[in-house]
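Some notes follow for your review. Please keep the structure open while reading.

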Amino acid sequence: MTSTTAADVLKQVNERSPAYAKLGVFDMDGVFRGKYLGVDKLGSALEKGFGFCDVVLGWDSSDQLIDNLTFTGWHTAYPDAEARLLPETLRTIPFEGGMPLILGEFTGRAEAVCPRGILRRVLDRAARMGCKVKAAAEFEFFVFEETPQSVRDKGYRNLKPITPGNFGYSMLRSGVHADFYQELWATCEQMRIELEALHTETGPGVLEAAIRVDDALEAADKAALFKTIVKILAQRRGWMATFMAKWSGDWPGQSGHLHMSLLDAETGGSRFFAADAPNHMSEAMRWFVGGQQALMPELLAMVSPTVNSYTRLVPGFWAPTAATWGYENRTCALRVIGGSEKSQRVEYRVAAADINPYLALAAAIGSGLWGIENQVEPDEAITGNAYEHQGESERGLPTTLWEAAQRLRGSDAARELFGSEFVDHYAATREWEEREARKAVTDWQLARYFEII
């Protein structure tokens with residue numbers, strides 16, 4: 001986070017002509033919602049807060065009103081929710097001529113269900129334990145030579161990726177499209193979403209980006225903004241990027257792996273590293289992993305938030321189907337990464353690119369802190385191929401969004417970590433998503449039943 005103040009924001013905006021800026025909040029699905037605001041209104045919002053129609057907490061990613069909520073709906077007449085602007089999040093948008101951008105978060109009654117607020121309260125819990133949390137996200141995303149109109153005209157079939165075939169870590173592909181890589185890297189640098197790495201992955205038109213580690217709340221801001229920025233830059237050149245967990249049955253899903261470590265708030269030293277312990281795992285790190293493992297089935301709806309998420313969680317496609325952990329083992333849901341005190345961390349590999357970063361990090365970090373508080377020991381680490389053992393695991397993950405929502409509803413730990421109002425609200429949004437999916441007549445159903453049944 002920067003030390004930018006409200007006065008700094010207004011000074012920067014007043015230096016522009018006309019004097020206006022962008023502000024935005026992230027909704028339950030991690031979709032960026034916002035508006036342009038003139039400097040006078042912006043000054044008032046920075047001083048007193050502002051109202052943002054609470055429909056953004058009561059509709060889905062397609063702007064369809066969710067019918068099973070108590071927080072908001074027709075019964076409340078969709079009033080404005082209180083929100084605050086966060087001057088420390090100020091960035092400038094280079095492709096809009098240096099347009100100032102400020103993030104906001106919900107306050108008042110809406111704070112109980114605000115995704116950013118949920119993560120902030122989890123991090124407050126860590127602070128009360130004398131800890132700071134560092135985190136980073138890495139995303140895979142497919143890029144197509146398509147536009148929002150062309151994909152609709154094609155019915156999302158026969159789409160053309162920017163490159164054909166498999167070619168992971170390709171210096172050829174990145175050289176051919178160097179202008180896109182350079183634009184993405186430079187834009188992220190200018191918007192304080194610094195990247196550590198960017199390369200092709202295996203599959204047609206798929207890239208992977210690793211965002212630089214930061215304090216966990218700032219890391220979530222960066223991850224959430226990154227997805228929007230990638231989509232904007234792609235569409236500005238007549239392309240499209242998707243962060244769906246799995247866009248095609250022919251290719252592996254798209255990961256959104258989360259890395260996290262725990263530091264002592266006073267000394268800055270690692271709470272995860274113990275030089276003489278097996279795998280250098282401190283007692284706190286063992287319990288952190290134990291809590292993540294124990295609660296993963298109950299919190300999965302916060303990490304795998306769409307119906308599509310569960311098409312990725314199948315054996316053999318680099319995605320876990322049980323809450324397993326291992327040391328330097330990429331077939332597990334939790335990968336402990338060792339080495340030096342600085343590098344000791346956990347990689348939360350069950351997450352896909354479709355995450356809302358605030359909620360996924362809240363689940364991953366919150367469950368780890370809960371593990372420390374309750375001194376939860378993890379199972380024995382998996383060595384070798386975790387997929388060979390997942391059928392034997394007692395920690396199998398929900399296989400549908402509906403099941404995941406019910407596990408979340410019934411989780412005492414989730415209610416204690418995030419509050420019952422959030423749990424009930426969020427579970428209801430996921431139940432809605434599953435009910436909407438059930439209405440769809442898919443290509444698979446037509447091919448399966450149209451003639452034969």
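1. Helix H3 covers residues 115-128 and has 14 residues. From first C-alpha to last it reaches 20 Å, close to the 20 Å expected at 1.5 Å a residue. The expected span is 1.5 Å times one less than the number of residues. Helices (H or I, at least four residues) and strands (E, at least two) are DSSP runs, numbered from the N terminus.

2. On the basis: this is a predicted model, where local features need pLDDT of at least 70 and side-chain atom pairs count only at pLDDT 80 or more, while totals for chains, interfaces and linings use all residues. Residues are numbered from 1 along each chain as its sequence is written, and side-chain values use heavy atoms, with hydrogens and water left out.

3. How many residues of H3 are buried? The count is 10 of the 14, so H3 is largely enclosed by the rest of the structure. Buried means under 20% relative accessible area, exposed over 50%, partly exposed in between (1.4 Å probe, protein chains only). Among the buried residues are Arg116, Arg120 and Arg125, along with Ile118, Leu119 and Val122. After H3 comes Gly130, with a positive phi near 80°.

4. The second largest pocket holds about 570 Å³ of space. Of its 26 lining residues, the closest to the centre are Glu140, Glu201, Glu208, His257 and Arg349. A pocket is an open set of points on a 1 Å grid over the protein atoms alone, where a 1.4 Å probe fits, with protein on both sides within 12 Å along at least five of seven lines; lining residues have an atom within 4 Å of a point. Strand E9 (206-211) is one of the elements giving two or more residues to this lining. E9 supplies the largest share, 4 residues.

5. Thr242 sits in strand E11 (residues 240-242). Thr242 is buried, at 16% relative accessible area. Leaving aside neighbours within four places in sequence, Thr242 is in contact (heavy atoms within 4.5 Å) with Phe141, Phe142, Phe144, Trp247 and Gln254.

6. Backbone points to check. Most residues other than glycine have a negative phi, and most peptide bonds are trans. Ser17 and Pro18 are joined by a cis peptide bond, with omega about 0°. Pro18 is in the loop between helix H1 (6-14) and strand E1 (20-26).

7. Asn279 is not a glycine, yet its phi is positive, about 55°. Asn279 counts as partly exposed at 31% relative accessibility. Glu328 also has a positive phi, near 50°. Glu328 is partly exposed, at 36%.

How values were computed:
Points joined across faces, edges and corners; volume = space filled by probe spheres on them.
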